[in-house]
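Dear colleague,

I am passing on the structure that we spoke about, so that you can look through it yourself before reading my notes. Please keep it open beside this message.

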Amino acid sequence: DHPVEMADFVEVGFESHQTPHRMVITGKHRADLTRLSRDLTQICNAAIRFWGDDKPPFNQYLFQVMAVGNGYGGLEHRSSTSLLCSRDDLPLVTEPKQKISEKYKTFLGLCSHEYFHSWLVKRIQPDVLVSPDLNQENYTELLWVFEGFTSYYDDLLLARASVISTQDYLDLLAQTITRHLRTLGRFQQTVTDSSFDAWTKYYKQDENTPNSVVSYYVKGALIALCIDLKMRQLSHNSVSLDTVMRQLWQEYGKTGQGVKNDTIQGLCQALLSEDLSEFWQLCLYSTQELPFAELLQAQGVEIEYKYDNLATKASASLGVRGQLNDSGFQLQNVWTGGAAEAAGLSAGDVLVAFDGLKVTAQLEKTVSSYAIGTKVEIHFFRRDELMQTNMTLLANQAEVCGLVVKEENQALVKRWILNL
């Protein structure tokens with residue numbers, strides 16, 4: 001649990017709640033270390049305040065970063081984290097100090113995510129992982145809590161640390177909702193099954209994964225959002241998911257007691273008079289849509305849905321994801337319920353002609369110019385065999401989310417985001 005690296009690196013140190021912190025960066029970069037130190041201090045301060053203690057549960061902390069041409073990821077440890085990032089994600093001295101780039105937001109979100117894990121995962125743990133049997137696999141249904149809740153709070157704490165604005169946070173939340181809407185597997189797999197099957201399905205993805213698997217990171221984050229808003233609205237903002245997390249830290253993190261499958265539900269229910277049984281069934285054990293839209297609306301946030309081309313109206317679609325190569329347009333994923341699936345196409349097929357014309361890089365634009373319901377002829381290769389099929393073009397789905405707050409609702413929204 002203590003990663004070691006021997007390399008040429010740069011180091012910047014700072015203090016948060018009387019505890020020394022460091023960031024060490026390996027790899028060629030031109031990062032603004034002063035800005036990194038300032039922003040990380042604010043983020044760590046916000047995280048420590050969140051858990052309700054004067055000091056963090058470690059004597060020192062290390063952000064161990066490797067900057068590369070293209071990369072992203074992190075692994076949490078008890079008093080450190082190993083991070084991989086693109087060097088373009090790091091802030092430059094030449095960048096305006098009053099602005100924050102999308103890439104830098106992503107990097108700070110990663111730092112916030114792994115830092116939050118020092119409490120939730122490394123000290124608050126599922127019961128089966130407190131003393132795991134390392135001779136066999138250890139499965140848990142609770143990754144929707146441990147990764148999902150962390151994915152909810154990582155960006156939220158950036159806003160509470162005043163590193164990003166409340167609108168920046170809403171834009172990041174909209175991106176999370178968009179990722180969820182683009183995952184058809186949400187209609188096939190529950191979030192608890194996704195947690196339990198992580199090593200056999202989520203980390204062994206194939207061409208059908210988008211149709212069959214839901215992310216416990218993304219759906220877990222949206223479940224956390226739903227719990228947070230529901231508790232605030234039912235209690236007139238007297239309790240929230242924050243309350244539950246601090247109670248979880250006191251009763252489970254500090255004592256080493258493992259979290260059971262129903263622990264979160266029990267802690268939430270104890271703070272409210274209304275029975276939440278149907279809410280838990282919907283969120284955790286069904287494949288129905290989560291109630292985030294109505295809960296956000298009650299909090300003063302309106303959702304605007306658009307299509308993948310950012311249009312406000314539906315257009316004709318093949319229902320696929322693919323890539324143009326020298327042979328044609330090779331299908332990587334075929335969506336369940338889409339036009340391509342209905343026509344018998346499969347991942348790996350290479351489209352060479354659409355409606356009698358050679359497939360080009362403009363395929364998507366060409367398809368969208370047809371009327372929904374149009375029947376077209378498709379020629380494609382399956383392995384080395386040329387085949388033909390007829391397809392009825394279907395409408396694409398609204399899957400791009402934007403969040404809008406009217407002026408009269410700004411105070412209500414800030415009360416939630418900033419926990420005022």
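Below are notes on one helix pair and on the cysteines.

The model is a predicted one, in which local features need pLDDT of at least 70 and side-chain atom pairs count only at pLDDT 80 or more, while totals for chains, interfaces and linings use all residues. Residues are numbered from 1 along each chain as its sequence is written, and side-chain values use heavy atoms, with hydrogens and water left out.

Helix H10 (residues 216-234) packs against helix H13 (residues 277-285) at an angle of about 165 degrees, and their axes are 11 Å apart; helices here are DSSP runs of H or I with at least four residues, numbered from the N terminus, and axes are lines fitted to C-alpha atoms over the stretch in contact, with angles from 0 to 180 degrees between N-to-C directions. The pair is therefore roughly antiparallel, a term for angles over 145 degrees. The contact (heavy atoms within 4.5 Å) involves Lys219, Ile223, Cys226, Ile227 and Lys230 of H10, together with Phe279, Trp280, Cys283 and Leu284 of H13.

As for disulfides, meaning pairs of cysteine sulfur atoms within 2.5 Å, the count is zero. The sulfur of cysteine 44 has its closest cysteine sulfur in cysteine 111, 8.3 Å away, which is too far for a bond. Cysteine 111 is likewise in no disulfide, its nearest cysteine sulfur being that of cysteine 85 at 8.0 Å. Cysteine 44 is buried (under 20% relative accessible area, with a 1.4 Å probe and protein chains only) at 0%, and cysteine 111 counts as buried at 1%.

Notes. Helices (H or I, at least four residues) and strands (E, at least two) are DSSP runs, numbered from the N terminus. Angles under 35 degrees count as roughly parallel, over 145 as roughly antiparallel, 65 to 115 as roughly perpendicular and the rest as oblique. Buried means under 20% relative accessible area, exposed over 50%, partly exposed in between (1.4 Å probe, protein chains only).
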